[in-house]
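Dear colleague,

I am handing over the structure below, and I would be grateful if you could look through it with the notes that follow.

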Amino acid sequence: MCRWLAYTGSPVSLEDLLFKPTNSLVMQSKHSRLGVETTNGDGVGVGWYGSRPTPGLFRSTEPAWNDRNLHELALQASPSHVFAHIRATTGTAVQQTNCHPFRHDRWLWMHNGLIRDFLTLKRDLVLAVDPGLFPQIEGSTDSEVFFYLALTFGLTQDPPAAVAAAVGLVEEAGRRHGVPDPMQMTVATTDGETMWAFRYSSEGRSRSLFHSADVSALRAQYPDHAMVHDVSEDSRMVVSEPLGDLRGAWQEVPESTCVVVQGGAVDLFPFAPAAA
């Protein structure tokens, strides 16, 4: 599987975000506490929003702990909206085009989990992608096909409805081909302003997902903690697993939930597949 984090708020050093926390994403690449695999060394990627219309993207097949270019980028960049992902492949090749996040225009997408028996379902799923979008699929992962299915079903207009339809299509294909419990996912997507995250699995036992607590409450609880005081009160994170051990800093996202983060507000809604 994989591990990921999504951040929005005041500009933050990528070094502070990816390297310095006690259970940083780079640390999780070697010693994940809550992941299916302890090691997530099959690639790393970072997407961020700057002055250009589309987000920047760094992707590498190196393990995060050993990627010097990632560290150089982290020393210099201080974006206010970041997606970062470390990969543990579920069978597809270790190559740059298979590393997350995936990008389409202003949109970023990353996924932890799998479409079970993807090779069995692949033809049905790929043929459901909008023909105008199909040529943009670069890699061979289930995660990227999932992204383009969501785009096909209207991700840029209504992300929760589009993801629900994409999951519904995957589960329908699973039923046709006798694949039990085909979808396992925590997913994050963003247009650079609003962030959506989803926790769902066909069997009801999804991979871990957490969102950060209100910064003002943490400042009162931890008056001497530097990072809590360095970010603005509207800063929020959604993560595969907590980056540190501050009590009260992280709240688990319930099963079958959509998380919407915008302007410092975190709202949770029930999530369920829908007919495509």
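Please keep in mind that this is a predicted model. To begin with two of its helices, α4 and α5 are roughly parallel to each other, because an angle under 35 degrees counts as such and the axes of α4 (residues 118-127) and α5 (residues 142-152) cross at roughly 25 degrees, coming within 11 Å. The crossing of α4 and α5 is left-handed. Where the two helices meet, Phe-118, Leu-125 and Val-126 come from α4, while α5 brings Asp-142, Val-145 and Leu-149; by class, this contact has five nonpolar residues, one charged residue and no polar ones.

I then turned to the aromatic rings, for which the count comes to six pairs. One of these is the stacked pair of Trp-109 and Phe-147, with 5.3 Å from centre to centre and 20 degrees between the planes. Since Trp-109 lies in strand β6 (residues 107-115) and Phe-147 in helix α5, this pair ties together parts that are 38 residues apart in sequence. Trp-109 and Phe-147 are both buried, and together with Phe-146 and Tyr-148 they form one aromatic cluster.

Another pair is formed by Phe-198 and Phe-271, whose ring centres are 5.3 Å apart and whose planes stand at 65 degrees, so the pair is edge-to-face. Phe-198 in strand β8 (residues 195-201) and Phe-271 in the segment after β13 (265-270) are 73 residues apart, and their pair links distant parts of the chain. Phe-198 is buried, at a relative accessible area of 0%, and Phe-271, at 6% relative accessibility, also counts as buried.

With kind regards

Definitions and conventions: Residues numbered from 1 in each chain as written. Predicted model: local features only at pLDDT ≥ 70, side-chain atom pairs only at ≥ 80, totals over all residues. Heavy atoms only, no water. Axes fitted to C-alpha atoms, helices over the stretch in contact; angles between N-to-C directions. Helix = DSSP H or I, 4+ residues; strand = E, 2+ residues; numbered from the N terminus. Parallel < 35°, antiparallel > 145°, perpendicular 65-115°, else oblique. Left-handed = near helix turned anticlockwise from the far one by under 90°. Contact = heavy atoms within 4.5 Å. Nonpolar A, V, L, I, M, F, W, Y, C, P; charged D, E, K, R; others polar. Phe/Tyr/Trp six-rings, centres within 6.5 Å; stacked < 30°, edge-to-face > 60°. Buried < 20%, exposed > 50% of the residue type's maximum accessible area, 1.4 Å probe, protein only.
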